[in-house]
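I wanted notes on surface patches and charged pairs. The entries follow the order in which I looked things up.

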Amino acid sequence: MNRNIIDGLNFASKLNNRRVWNSLKLLASYYYSKLVKRPFVAGNPIYMEIEPTTSCNLRCPQCPSGLREFTRNTGMLDMNLYTKIIDEVHEDLLWLILYFQGEPFLNKQFLEFVKYAAQKNIYTVTSSNAHYFTDEMAKATVESGLDRLIISIDGTSQETYSKYRVGGDFNKVIDGTQKLLYWKKELNKKTPHIIWQFIAFKHNAHQIPEIKKLAKEIGVNELGIKTAQIYDYQTSDAFIPEQEDLRRYTKTTDGKYQIKNELLNQCWRMWRGSVITWDGLVVPCCFDKDATHRFGDVGKESFMKIWRSNQYNTFRQAVLKSRKEIDICTNCSEGTKVWS
């Protein structure tokens, strides 16, 4: 059976009557809000991102975690705070991304987070640079119940890979992937669905045919080619690929760049769910990397109170009115991934 079909069936197994009904209510309220230009939210989140840590072992030059440029606090998610969140939202939650900034596996409790969500029949996803998959960790990851694992691999050689993944070891990525695949086979497990993610830059775009070949040889479940988010895209082209279909930005007549996204006054993300930082701050989406738009703190109040708060709805109203005036929206790439 096709591996993507297996993954789809696995996700479908998380559905029940309550979750389907809640999803339909959310979707209907989103379209109603677009129609009347006023926020109305019927239903609870079906999607959530919870950050295990802001710490990272690499120094990627377009990442605030890698650059150590956060103005917000850095640290590790606590199990008590995590279970408080999951206990409140699990009956309706379908999709949980255990990642925001940082390397998730640096949090020693990470696999406990996965197991707790898996017990609630929530589809779990994370993204890793795959530098910590010893044989023991790879086996434990497969046994944890993690549904999807995205592994960053932005090159087919150490030289190319390390131009962006500064401080990284290409061979560790290959070795870690192979260990995971070995334990999936050894334990007769269908999960995690392993995706290699290749971010296309100017220096590695020529290796796309090579990464496709390598992914097939290694035997990962899927390869994703992703466009790069560049923070100073208006003036910088150091990382932006020459190929138009591999970048989020297009050149203007004055030689600068502008984002391709039309930034329509709508955003499903504001209705489907939230992002929560390691220390409990609720923010709009993954583009608010420094948590500048804070709707509340789940360590101090219930998530559902925050979800329906005036502060959250004021932001939703701003999105419906003019996304171009919201700072974190101006570099939004919704819909600009290129999947192989």
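Predicted model: local features only at pLDDT ≥ 70, side-chain atom pairs only at ≥ 80, totals over all residues.

Entry 1, surface patch. I found a nonpolar patch on the surface formed by Leu 15, Val 20, Trp 21 and Leu 24, with about 390 Å² of accessible area together. The patch criterion takes residues with over 30% relative accessible area and no salt bridge, joining like charges within 9 Å and nonpolar side chains (Val, Leu, Ile, Met, Phe, Trp, Tyr) within 5 Å. Accessible areas come from the Shrake-Rupley method with a 1.4 Å probe, and for residues only the protein chains shown count as cover. I placed Val 20 in helix H2; helices (H or I, at least four residues) and strands (E, at least two) are DSSP runs numbered from the N terminus. Val 20 has 37% relative accessibility and counts as partly exposed, the class between buried (under 20% relative accessible area) and exposed (over 50%), with a 1.4 Å probe and protein chains only.

Residues are numbered from 1 along each chain as its sequence is written, and side-chain values use heavy atoms, with hydrogens and water left out.

I searched the whole structure and got 13 salt bridges, each a side-chain nitrogen of Lys or Arg within 4 Å of a carboxyl oxygen of Asp or Glu. One of them pairs Lys 14 with Asp 147, with 3.6 Å between the closest N and O atoms. Lys 14 is in the loop between helix H1 (3-12) and helix H2 (17-36), and Asp 147 is in the loop between helix H6 (135-144) and strand S4 (148-152), so the pair ties together parts 133 residues apart in sequence. Lys 14 is buried at 8% relative accessibility, and Asp 147 is buried at 3%.

Arg 72 sits in the loop between helix H3 (64-67) and helix H4 (79-89), and Glu 51 in the loop between strand S1 (47-50) and H3, 21 residues apart. Arg 72 is buried at 5% relative accessibility; Glu 51 is buried at 0%.

Lys 120 lies in the loop between helix H5 (110-119) and strand S3 (123-128) and Asp 87 in helix H4, so parts 33 residues apart in sequence are tied together. Lys 120 is partly exposed at 25%, and Asp 87 is partly exposed at 40%.
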